[in-house]
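Please take a moment to look over the sequence and the model before reading on.

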Amino acid sequence: MAVAVTVTVPEGWEPGAFKARVDQVLHRFAAEEAGQLTAIDSSLGPVADAVETAVADGKRLRAAFCYWGWRAAGQPDSDALVRAAASMELVHAAAVVHDDLIDDSPLRHGRPTAHLALREAVRDHPQPASAARSLAMLAGDLLMSMAGQLFVTSGLPAAYLGRARPLWAALARELIAGECLEILHTGSAAPDTTISLKVVRYKTAKYTVEQPLLIGALLGGAGERLRAGCSAYGLPLGEAFQLRDDLLGLFGDPALTGKDGSDDVRGHRPTALLAETWRLAGEEDRARLRTLLAAGAGTDKDTGTDTADTADTADTGTGTGTADADAVRDVMRRLKAPDRIEAMITARVEEALHALDELDLPGPAAAALNRLAHSAAVRRS
């Protein structure tokens with residue numbers, strides 16, 4: 001089921017050119033940080049590489065939402081604002097490194113995730129898997145620190161930056177809350193859609209769309225009505241973004257997503273897709289799902305086997321993970337759970353676009369945010 005979105009191109013804005021501007025800021029900033037890190041000791045080279053790799057790729061949607069929040073407030077194009085917006089991508093890079101570590105994900109953008117790539121650096125360590133995970137955790141911490149540093153040194157006036165400071169604190173708190181909620185509800189005996197949607201909102205939706213958009217608007221001096229409109233647009237669109245991600249995680253083409261298609265099954269994650277499948281399932285299908293999810297789960301480190309070791313083979317297409325994921329997909333298709341998620345995506349995009357229409361924004365900002373709604377919700381990667 002496709003999401004019906006009317007797309008118009010904003011005058012004077014080319015998404016590819018904007019992405020190139022953000023990439024230039026990020027690559028230069030990460031290279032400078034990597035250089036300062038290796039200047040301390042050359043053995044820190046692999047960690048520096050992990051930091052640069054974490055920002056190498058991306059759609060730069062979060063930076064775009066921040067930029068268009070600024071423009072929605074009536075502000076002109078600004079290189080300083082692009083630098084501030086690029087800091088949103090460093091928040092995302094930090095979240096990705098930590099999320100891949102928490103989930104034992106083997107692939108990101110088709111490459112080994114940080115905690116696997118760093119194994120080579122600690123091959124002589126008594127516990128190389130644990131050491132690599134520790135290095136990845138610290139690389140993620142550094143990326144979050146870099147986000148704040150890039151934001152405050154963006155070149156915007158201090159008074160402008162002060163407007164957004166409280167939201168930065170909320171962004172970090174709510175992102176961590178979402179990650180914690182996912183961990184606390186992973187492996188639930190009875191997946192629940194309400195809980196899954198709360199995880200979606202706090203783990204992804206807010207820091208992907210709503211908060212970058214609000215930060216940009218606040219930097220631009222937005223009033224109460226525009227701020228409320230940013231939330232009314234950003235929250236449902238952010239949820240649609242993550243719901244699409246859940247579908248792509250199991251039903252997308254790994255060659256396009258760059259991720260392992262069995263991750264969510266292997267991790268028994270509390271996705272809305274799984275929760276809707278559970279809601280629609282009868283007792284026989286629920287028993288089948290229990291068996292498949294238990295078989296697909298990795299061994300917990302507390303039992304003596306490092307789950308990172310199992311992740312090494314997760315991208316090979318062998319083992320129980322792939323077979324179990326295929327069987328779970330069959331159950332989901334038969335119960336039409338993916339159709340339910342598609343309907344939820346459509347409803348949220350429509351809600352976001354209605355909120356956008358109510359705001360009466362400057363033409364370029366309205367058109368760009370319309371297009372971004374399409375980019376976030378209708379995609380293959």
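Helices (H or I, at least four residues) and strands (E, at least two) are DSSP runs, numbered from the N terminus. This is a predicted model, in which local features need pLDDT of at least 70, side-chain atom pairs count only at pLDDT 80 or more, and totals for chains, interfaces and linings use all residues. Residues are numbered from 1 along each chain as its sequence is written, and side-chain values use heavy atoms, with hydrogens and water left out.

A232 lies in helix α9, which covers residues 224-251. With a relative accessibility of 33%, A232 counts as partly exposed, because that class lies between buried (under 20% relative accessible area) and exposed (over 50%), as found with a 1.4 Å probe on protein chains only. Once its neighbours within four places in sequence are set aside, A232 is in contact (heavy atoms within 4.5 Å) with E351, A352 and A355. A232 and H354 are 122 residues apart in sequence, yet their C-alpha atoms are 9.0 Å apart in space.

After α16 comes D360, with a positive phi near 55 degrees.

Confidence is given by pLDDT, the predictor's value for each residue from 0 to 100. The protein averages a pLDDT of 89, and 90% of the residues score at least 70. Over residues 1-11, however, pLDDT stays under 50, and the model has 26 contacts beyond four places in sequence for them. Residues 299-320 also have pLDDT below 50, with 34 contacts beyond near neighbours in sequence. Where pLDDT is low, the predicted coordinates should not be read in detail.

How many cavities of 30 Å³ or more does a search of the whole structure find? There are two, where a cavity is a set of points, on a 1 Å grid over the protein atoms alone, at which a 1.4 Å probe fits but cannot get out, and lining residues have an atom within 4 Å of a point. The largest cavity holds about 70 Å³ of space, and its lining includes H185, D192, H268 and R269. The second largest cavity has a volume of about 50 Å³, and R269 and L274 are among its lining residues. Helices α11 (263-267) and α15 (320-335) are the elements that give two or more residues to that lining.

How values were computed: 1 Å grid on protein atoms, 1.4 Å probe; cavity = no way out; pocket = protein on both sides within 12 Å on 5 of 7 lines; lining within 4 Å. Points joined across faces, edges and corners; volume = space filled by probe spheres on them.
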